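Please look over the two-chain model below with the interface in mind.

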Amino acid sequence: MRGFGDLEAAIMDRLWTADGPRSVRTVQEELSPSRQLAYTTVMTVMDNLHRKGWLLREMSGRAYLYRPVRSRQVYSADLMSEALTASGDPQATFLAFLRRLTVSEAEQLRSALSDAGPAPPQRSGKRRADPQA
Amino acid sequence: MTTALGLLAYAAILGVAAPVLLTREQWPERAPRLAVVLWLASSASVLLSVVLTGLIVALPNPAVARSVAALMRACVLAVSTSPTAPSSSFLPILGLVLAIAVLARVGYGFLVQMAVAARCRHRHVRALDLVARQVPGLGALLLDNAARAAYCLPGRAQRVVLTTGALAALSPRELAAVLAHERAHLAGRHHLILAGAQALARAFPIVPLFTALPREIARLVEMLADDAAGRAGERLMVAHALVTLADAAPPPPMALAAGGADTPARVRRLLTPQVPLGAVRSAAGLTLALVVLAAPVVLAVAPLLAGGDYCPLWISSALVTANS
């Protein structure tokens, strides 16, 4: 099953960017410019994804139509949240660069930096909240 | 017996004094790696002392007699001076149980923790590989999220993850600093040290050294990773990155205490130029660590090396029981 990891990711990516449910045939066609894929391969992988709880499917005519259970954004938020929440864990499941801060802790952080003096130049022109404001 | 008591006393003193000595000093900020070594050496020393105590009580007086004749003389002497059988095998068994129990408690706790964490990471990685985007050349996975966050998965997974919000907000040098920091965690296997500290604290919360260990090791490990960003100019970038990410970091859920209480201290450390400890003091520190580690072994073995003829407890008690 290891080799299917890339394909699983590609299929999920297709379905997340699609604007509706897709059949196996459609997904295979959409993926085929970059990959040579047998229909049965795509079918197996999408069936696996359904079994693992990533995809919903409904019968339409003689084929299944598949769509993701949740949007990519929701999964992303969940993953990020899990990592940050567990970052304080003593068994070091994840190691976050910055653990979650309350508003006042973030304020202290900002003032600690601005106490040290002006920021060095060479910023690439992106907007940032002015700590003095 | 005096050796055993001596070892226990040493363990008790070290277990109480070491955390006090190590936390009140400022030098750990300048040499976090040495500080970690000393914390770990002290903890290993305490553990070793207790295990050796158990072994000494379990296996007292291995015969170091210079000859069979000398051994026989020693045993005749022992039996004649104490005709009643000593309180036989109760103490040695206790000693053996102590030694095994201490090692098992820590070892089992550590393994269980590692297994739980590994399972959790495995689940997370399977989802990451589907949900996150790979960006060639970035060296990190990207999660579609406006909130700014960066984290790594240690262990087998070895992934660094950024949110798109973080990527958009960080300047190129800040980004390099963040990535260097996370990679330092991965390369240094810091999760193992942290898990070990937690296992000790959980196994024997009665020892002040162990209860202080997780918190202090966590602080020092962050310093180590901060320092990995490189020269002083780049360490400043770590501080800037912290502030950048703090600007729109996701707030903590209500139920949890925020974990960022020591972050201002971390920023202040990054903003003050750190004078390295110097070769002499570093060498002294390392030597101290070695002494602390060797002390229990020396204490345990010294009576044997001092020579003299002992009659092993099991021989003398066997003789006495046979006589009566």
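Which residue stands opposite B:Y151 in strand 3 of chain B? That residue is A:A96. This is a predicted model, in which local features need pLDDT of at least 70 and side-chain atom pairs count only at pLDDT 80 or more, whereas totals for chains, interfaces and linings use all residues. Residues are numbered from 1 along each chain as its sequence is written, chains are lettered from A in the order in which they are written, and side-chain values use heavy atoms, with hydrogens and water left out.

**Strand pairing**
- Strand 4 of chain A and strand 3 (residues 150–153) of chain B run antiparallel and are joined by 2 bridges, where strands are DSSP runs of E with at least two residues, helices are runs of H or I with at least four, both numbered from the N terminus, and pairing requires at least two bridges found by DSSP.

**Interface of chain A and chain B**
- Contact (heavy atoms within 4.5 Å) involves 48 residues of chain A and 67 residues of chain B.
- The buried area, that is, the accessible area (1.4 Å probe) lost on putting the two parts together and summed over both, is about 5000 Å², with carbon and sulfur atoms giving 66%.
- On the side of chain A, the residues that lose the most area to chain B are A:L95, A:F97 and A:R100, which together make up 17% of what that side buries.

**Salt bridges between the chains**
- The count between chain A and chain B is 2 salt bridges, each defined as a side-chain nitrogen of Lys or Arg within 4 Å of a carboxyl oxygen of Asp or Glu.
- One of them links A:D13 with B:R133, the closest N and O atoms being 3.7 Å apart; because A:D13 lies in helix 1 of chain A and B:R133 in strand 1 (residues 133–134) of chain B, the pair joins two chains.
- A:D13 is partly exposed at 26% relative accessible area, and B:R133 is likewise partly exposed at 34%, the class between buried (under 20%) and exposed (over 50%), computed with a 1.4 Å probe on protein chains only.
- B:R123 and A:E82 also meet in a salt bridge, at 3.7 Å from N to O, and this pair crosses from helix 4 of chain B to helix 4 of chain A.

**A salt bridge within chain A**
- A:R72 forms a salt bridge with A:D13, with the closest N and O atoms 2.7 Å apart; A:R72 lies in helix 4 and A:D13 in helix 1 of chain A, so the pair ties together parts that are 59 residues apart in sequence.
- A:R72 counts as buried, at 6% relative accessibility.
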